[in-house]
Amino acid sequence: MSRATTVLLTALAPVSWGTTYAVTSEFLPPDRPLFTGLMRALPAGLLLLALTRVLPRGTWWGKAAVLGALNIGAFFPLLFLSAYRLPGGMAAVVGSIGPLFVVGLSALLLGQRPTVRSVATGAAAAFGVSLVVLKAAGALDTVGVLAALASTASMSAGTVLTKKWGRPEGVGPLALTGWQLTAGGLLIAPLAFLVEGAPPDLDAPAVGGYLYLALANTAVGYWLWFRGIGRLSATQVTFLGPLSPLTAAIVGWAALGQSLTPLQLAGMALAFTATLAGQLGHRAPQPFSSPEQNAQKLSMDLTSATLRR
């Protein structure tokens, strides 16, 4: 499969996440963000576990729990908290600096030196998103800002660690996605019931909305995302993130009757251009190697070097 095809398939993940706001506002019970996060993560994770019938082994129980907490269990509640406490699209603006977080974490954990181009492209993407979603507001809520920063840092760390740890030998991205969604859902469950109480009554539109979020938006979306992390660089993948707020703006215009100003259209063009630029200038992705395969290759290299002496 070509790199362009991999990028396009991975891009479908943030595009699908951009529909979450419209589905939530139009079909789901109001003021139940944690329950919505739970319904997105846990059913999708259990479904993927049933399909793959693969469980973690050894150290991967701990790694799956860490990745599930960072990418799902901590990310969802923090994201919802920031969205409820911040005005307009401020949470989306803070989230759009994710590429800059990943550039820094990739340097720290993966040894990938940040470039002027990657930093400038990340800043341009964040600025473009701000033009699309940010509205005039008064004083910002400190807790909301901290929650938005923490959610972005959590997802960024999860992305980089997913790239660093790879997958166990013989385990595909579908199983890895199931592990993380299940672990994250189990972390959200007690918090949802403690904070929001018993589940709300659901009508047919709500059931349909939750099915969409669990299946297309989460199970398929996160599978494409983690699959992309295995085949592309962490920086390339995270530069696709701004497609989520851009999709939300387009869906709001097309389906919810929201207007788009010339300034917002200019911001969309800038953010989209930065997203494309974030995919350029990278070497072709290396075939995925698990830690076990890397160790085997190192052993073979050492043996070959010894024989050459």
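Figure 1. Leu 110 is partly exposed, with a relative accessible area of 25% (buried means under 20%, exposed over 50% and partly exposed in between, with a 1.4 Å probe and protein chains only). This is a predicted model, in which local features need pLDDT of at least 70, side-chain atom pairs count only at pLDDT 80 or more, and totals for chains, interfaces and linings use all residues. Residues are numbered from 1 along each chain as its sequence is written, and side-chain values use heavy atoms, with hydrogens and water left out. Leu 110 lies in helix H7 (helices, H or I of at least four residues, and strands, E of at least two, are DSSP runs numbered from the N terminus). Apart from residues up to four places away in sequence, Leu 110 touches Leu 105, Val 160, Lys 163, Lys 164 and Ala 234, contact meaning heavy atoms within 4.5 Å. A C-alpha separation of 8.8 Å is found between Leu 110 and Leu 161, which are 51 residues apart along the chain.

**Figure 2. Packing of helix H7 with helix H8.** The axes of H7 (residues 98-110) and H8 (residues 116-133) are 8 Å apart, at an angle of about 160°. H7 is therefore roughly antiparallel to H8 (a term for angles over 145 degrees). From H7, Pro 99, Leu 100 and Val 103 meet Ser 118, Val 119, Gly 122 and Ala 123 of H8. The contact of H7 with H8 comprises 5 nonpolar, 2 polar and no charged residues.

**Figure 3. The largest nonpolar core.** This core has 29 residues, of which Ile 72, Phe 76, Tyr 222 and Trp 225 touch the most other members; a nonpolar core is a set of buried Ala, Val, Leu, Ile, Met, Phe, Trp, Tyr and Cys residues joined through side-chain atoms within 4.5 Å. Two or more residues each come from helices H1 (3-17), H3 (33-52), H5 (75-85), H10 (173-196) and H11 (204-231). Beyond its neighbours within four places in sequence, Ile 72 has contacts that include Ala 41, Leu 181, Ile 188 and Tyr 222. A second, separate core of 10 residues includes Leu 49, Trp 165, Leu 176 and Trp 179.

**Figure 4. Gln 279 in the loop between helices H14 and H15.** Gln 279 is located between helix H14 (262-277) and helix H15 (291-308). Gln 279 counts as buried because its relative accessibility is 8%. Neighbours within four places in sequence aside, Gln 279 is in contact with Arg 3, Val 7, Gln 236, Phe 239 and Leu 240.

Terms used. Axes fitted to C-alpha atoms, helices over the stretch in contact; angles between N-to-C directions. Parallel < 35°, antiparallel > 145°, perpendicular 65-115°, else oblique. Nonpolar A, V, L, I, M, F, W, Y, C, P; charged D, E, K, R; others polar.
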